[in-house]
Amino acid sequence: MQAPNAAQNTATAQARDTVPDADAAPSAEPGDVRRPRIGIPVRLSSSADPDPRVAKANSLFGCIVSLIRDVGGEPVLLTPESLEGLPAGGLNGAPSGGTSDGGSSGGVKVPDAPEALDGVVLPGGGDVDPRLYGEEPGPSLYDVNAEQDRLDIAVARRALDAGTPVLGICRGHQLLNVLYGGTLVQDMTPGTVPHRQIPAAANRPWVWHEVTITRGSKVAKMYADVENPEAGGTASAGTADAAPGKPADAAGAGGTAAVEVKIASGHHQAVDRVAPGLLVTAVADDGTVEALEDPERWVASVQWHPEALELTEEQRLAPFRVFVDACRTR
């Protein structure tokens with residue numbers, strides 16, 4: 001397991017000294033619509049890592065921060081220091097612009113008084129330590145970071161305890177399954193559906209394939225009425241339900257086809273045993289679990305990257321808009 005190096009710790013320390021005034025009033029949308037505070041744990045690995053996947057994850061972190069702001073949320077970057085001394089239900093952090101270095105260089109400060117969050121996004125990044133789901137690490141792992149695991153898990157636990165909406169993306173999807181008691185495939189065997197570029201490269205991070213999303217699910221609603229020409233038209237959410245631990249059906253209520261969306265995929269791990277309490281609400285053609293949800297609360301996760309720059313602006317904004325709206329009205 002990799003420990004955070006001195007450069008990472010220095011970057012986090014510098015971030016606390018360079019953020020704008022955390023006491024400044026958050027921006028407001030026209031008509032004084034409330035901007036929900038959305039917490040996002042920063043990425044602690046340096047973009048200088050020779051593995052191009054690390055730099056890409058840090059860059060995508062900045063995209064998520066921007067999208068949250070663009071759809072009316074107030075991004076709040078969370079560092080390990082953000083969690084010190086807080087009760088189980090509390091989280092604090094400062095509104096921030098985010099950076100391409102995973103939020104670890106500029107834009108982070110812990111305010112004097114903790115403030116409740118309205119939602120949490122768990123972004124992509126390196127592999128979760130297999131010891132957290134009862135396995136020994138295999139040789140294919142990358143960027144395993146004990147401090148990152150502690151931060152992400154602490155943020156997720158406190159959000160769940162407080163009933164705060166949570167959206168997991170890629171690593172965040174896998175981490176939620178582990179947190180609920182599930183396991184992961186440490187390294188996927190190549191099959192009928194490609195899930196990543198081989199070899200990994202920063203300039204071509206994605207493969208594109210379709211996923212089938214259960215109608216009426218939270219994830220389906222994130223893609224309702226979004227033009228997705230690559231997948232054959234407009235996605236439309238319906239009312240069918242998924243069974244615990246079971247894939248989405250090929251047809252929804254009334255025989256209407258389930259939502260089909262073409263997604264940006266770039267992962268070498270996947271959900272193995274689905275955790276108790278989670279529903280599978282999207283699958284790839286090879287059966288890979290592509291989305292999970294908690295039917296008792298607003299918790300959802302996707303294995304793909306809705307923030308991918310290759311998508312149209314509306315395709316990128318729509319999933320985050322639905323999530324932020326859920327955080328506003330909870």
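1. A contact means that heavy atoms lie within 4.5 Å of each other. By this criterion, residues 24 or more positions apart account for 73% of the contacts in the protein chain with a separation of 6 or more.

2. The structure is a predicted model, in which local features need pLDDT of at least 70 and side-chain atom pairs count only at pLDDT 80 or more, whereas totals for chains, interfaces and linings use all residues. Residues are numbered from 1 along each chain as its sequence is written, and side-chain values use heavy atoms, with hydrogens and water left out.

3. The protein chain contains 6 helices and 14 strands; these are DSSP runs numbered from the N terminus (helices: H or I, at least four residues; strands: E, at least two). Of the 330 residues in the chain, 57% are buried. Buried means under 20% relative accessible area, exposed over 50%, and partly exposed in between (1.4 Å probe, protein chains only).

4. Helix α2 (residues 52–70) and helix α6 have axes that come within 9 Å and cross at roughly 65°. Here the axes are lines fitted to C-alpha atoms, for helices over the stretch in contact, and angles run from 0 to 180 degrees between N-to-C directions. On the α2 side the contact is made by C63, I64, L67, I68 and D70, and on the α6 side by R316, L317, F320 and V324. By class, this contact has 7 nonpolar, no polar and 2 charged residues. Ala, Val, Leu, Ile, Met, Phe, Trp, Tyr, Cys and Pro count as nonpolar, Asp, Glu, Lys and Arg as charged, and the others, Gly among them, as polar.

5. The whole structure holds 11 salt bridges, each being a side-chain nitrogen of Lys or Arg within 4 Å of a carboxyl oxygen of Asp or Glu. One of them joins E74 and R35, with 3.1 Å from N to O. E74 lies in strand β2 (residues 74–78) and R35 in the loop between α1 (6–18) and β1 (37–41), so the pair ties together parts that are 39 residues apart in sequence. Both E74 and R35 are buried.

6. D325 counts as partly exposed because its relative accessibility is 33%.

7. D51 and R53 form a further salt bridge, with the closest N and O atoms 2.8 Å apart. D51 counts as buried, at 18% relative accessibility, whereas R53 counts as partly exposed, at 28%. Elsewhere, a network of salt bridges links R43, D149, D152 and R171.
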